[in-house]
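Below are a few friendly notes to read alongside the structure.

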Amino acid sequence: MSPWTHLFCDGEADGDGTQRELLGGKGANLAEMTVLGIPVPPGFTLSTACCAAFNEAAGTWPAGLADDIRASLERLEASTDRRFGDRSRPLLVSVRSGAAVSMPGMMDTILNLGLNDETVPGLARLGGERFAWDSYRRLIQMLGDVVLGIDHHVFERELEQLKSHAGVSEDTGLGEHHLQSLVTRYKALVREHTGRDFPQDPMEQLSLAIDAVFGSWQNERAITYRRLNDIRGLVGTAVNVQAMVFGNLGDTSATGVCFTRNPSTGEDVFYGEFLQNAQGEDVVAGIRTPRPIEEIDTILPGMLGQLLAIKQRLENHYHEMQDIEFTVEDGRLYMLQTRAGKRTAASAVRIATEMVDEGLIDRATAVRRVDAASLDQLLHPTFDTNAERIVVASGLPASPGAGCGQVVFSAAEATEWAAAGKTVLLLRTETSPEDIGGMSVAQGILTARGGMTSHAAVVARGMGTCCVAGCRALSIDEAGGRAKLGDTEIARGDWLSLDGSSGEAMLGRLPMVEPVLAGDFARLMSWADDVRRLGVRTNADTPEDARRAREFGAEGIGLCRTEHMFFGDDRIAVMRRMILADNERQRAVALEQLLPLQREDFIGIFTAMDGWPVTIRLLDPPLHEFLPHEPEAQAALARSLGWEAADVRARVAELSEQNPMLGVRGCRLGILMPEIYDMQVRAIFEAAGHCEQAGVHVLPEIMIPLAGTAEELAVFKRRIRGGEAELRRAAGYKGELLLGTMIEVPRAALTAGALAEQAEFFSFGTNDLTQMGFGLSRDDTGPLIAHYVEAGLLQRDPFTGLDQAGIGRLVELATREGRAARPGLKVGVCGEHGGDPESVGFFHRTGLDYVSCSPFRVPIARLAAAQASLAD
């Protein structure tokens, strides 16, 4: 066996479906299908190791590769009874990429390699003049685009002009003489744009194509896709060289893309599309609008039955929903690819639970199979069905969900507007892989061309973005900044709403409704809860957030941020009076006014969390955040207090800090102004007593923020525990109360043993711990971090995914030393990392008791925690 080339031919293969890392997903599955006896055109795979060697050598083939390729081509020639470059019976091949992880449309494909001026007549004798010239023009267009760097729109314009001149609307309406003239024009375009003739040597064509596909691993769209989908650790792409079979051989030929189940809903129905007399790129590129797969028997009787039989074999073999590509050449079916199909979160949940019911997989596999991060798609609003819809156009419901935004007509514009804080909707004639950046920031995507398996549809479903494709009523004047949806004209910046489930486009901004999570989702989550060890709480500051989090399965509140409670209109004035007070008496008056408001806040939250713990972080803001900084607002505040405006300005200036995130905040504020924390602690006891007497099971936990020394914690422990008996008596509260701290200062992590002697629980504030550990302000360094990630200096943004090698070591050290000092110490995390699946896995392995995250990420954390347990 060659170290670089791996054959799949005549029922035998140099590999199987387990070798994805070496052969790529496509190559591994082609080998597997060949051995299974499924009809696959013969071919060979150049390994991912070959790609790595190619890129490491700056585009030079590794030793022996050329000889291996020639030997593999000889096997294909023997299998097909055709010869590569032969004038009479030419063998044509395709070159396709295939990484270990599916990346639809992100890398390059070239078909019909081996055609030139001399072999076209031989191909014509095999399949007819029109077919031969159609195949040749496709090769020139693809190789010109992918290898020679000529924008594919240059070729498309020539094709559209020719169709217009010939008076036809579809490519299939062009005759052999039209296509022959198009080939002549295409070759002239190559000469005009490159200064060279189109390559005529078949081996040169193949070499250039292989180089291009290997090189496409490093193209911008592939790098962007890997970054957006957090794909790491791969060495490169494999390249699959395969004997061509032709879907454009005539009316008894076709090509199509299908899913063994509906990728949008998960329904167990064969779902896909086909094009008669076409090649596979026509379906994927969305240049022609295909027909539903159910109609294929109208032109190829019995073909649907053959496809359904293969569908069943593949699902039974892989125990997974498959995305398949096929070609029918003159009535004979060939499979060109199978892979696990991209799907929406709703589809993934339904497929997983129904496959358990069918006995194809067990519950643990179902829990593993659903991408935890993708659940975010299920947890956000959809359009209110009672709202008036002004439907101006409709297309194919390519990716479900709802999206509304301001209309833009290019991916670059979408990226620019989104960066400026605008909500955008991307309208395109059709999308291409170069649009990936703009698609990733759009709330929805609407295309004039393409079907349910077009590039736009597949990528949008993977991102969880709603998409409507094949909207024939859409015409775009990108240069003029306008578009028409039927008779309705819309301009750049106008608001439009898309329903990816119905395929409708509607004027304006439609109201949304909250999702309902039950059925298959509830079953899957119950299976996850059965196996996970890690608890999942929520970060919530209001009873509404607490109730929503309970609906999502939260097991308590891991972070209640009290500073968020004081910004309401009925509170901010009192808060300002308290801050500006220049003596304890004035401050005490203001705090007495805040006490009942704070008490009611806690009553609402304790009631919503009946029976579950609530961790309340005492006040932790820089005080200047509560104060006005504009002169007009300062003057108004002065009038309300009966002060001089100059006195307010002076006090605001006095409280201002050069670096407020490292200034007087957290427990430092409580030491300088202990009466603030006294008021909050009293409010907690009074609320707990009120709820307990009302039959609510209360489990309050007081958390001291930003402690860096054990001595700081000792101050609060003495003050709170010292007054506890009187507070309990006055409030009538008899239940438990824990006192702990938030570990967010690196020194606290490094001295956790000493802090644990004062604290009954730890909760890692990984947002601040990351900020201080890296010396990066998360509010000011977004562009810098993005640059670091793109340059490979950071694998991920450390504020979205925990830096396990650095900040993670602080978490491990503090957990270990804290429990050594206080056996049984309860340890959790309350930064937003608690809702990131990869970080949740780390917290599980570190032995934390719970994670806490925003309400909408609670199901994500539950599933990720279960997957971490199963990984053990």
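**Aromatic pairs and a helix crossing**

1. Tyr-136 is buried, with a relative accessible area of 0%. Please keep in mind that this is a predicted model. Phe-198 is buried too, its relative accessible area being 4%.

2. How many aromatic pairs are there? The count comes to 11. In one of them, Tyr-136 and Phe-198 sit edge-to-face, with 6.3 Å from centre to centre and 70° between the planes. Tyr-136 belongs to helix α5 (residues 129-146), while Phe-198 is in the loop between α7 (176-194) and α8 (202-215), so this pair ties together parts 62 residues apart in sequence.

3. Ring pairs also bring in Trp-133, giving a cluster of Trp-133, Tyr-136 and Phe-198.

4. For Phe-842 and Phe-843, the ring centres are 5.8 Å apart and the planes are at 70°; because angles over 60 degrees count as edge-to-face, the pair is edge-to-face. Both Phe-842 and Phe-843 are buried.

5. Now to the helices. The axes of α20 (residues 584-608) and α24 (residues 674-693) come within 8 Å and cross at roughly 40°, and the two helices are therefore oblique to each other. Their crossing is right-handed.

6. Which residues of α20 and α24 meet? Among them are Leu-591, Leu-595, Phe-602 and Phe-606 in α20, and Ile-676, Met-679, Ala-683 and Cys-691 in α24. Charged residues take part as well, including Arg-587 and Glu-592 in α20 and Glu-675 and Arg-682 in α24. The residues of this contact divide into 13 nonpolar, four polar and six charged.

Note on methods. Residues numbered from 1 in each chain as written. Predicted model: local features only at pLDDT ≥ 70, side-chain atom pairs only at ≥ 80, totals over all residues. Heavy atoms only, no water. Axes fitted to C-alpha atoms, helices over the stretch in contact; angles between N-to-C directions. Helix = DSSP H or I, 4+ residues; strand = E, 2+ residues; numbered from the N terminus. Parallel < 35°, antiparallel > 145°, perpendicular 65-115°, else oblique. Left-handed = near helix turned anticlockwise from the far one by under 90°. Contact = heavy atoms within 4.5 Å. Phe/Tyr/Trp six-rings, centres within 6.5 Å; stacked < 30°, edge-to-face > 60°. Buried < 20%, exposed > 50% of the residue type's maximum accessible area, 1.4 Å probe, protein only.
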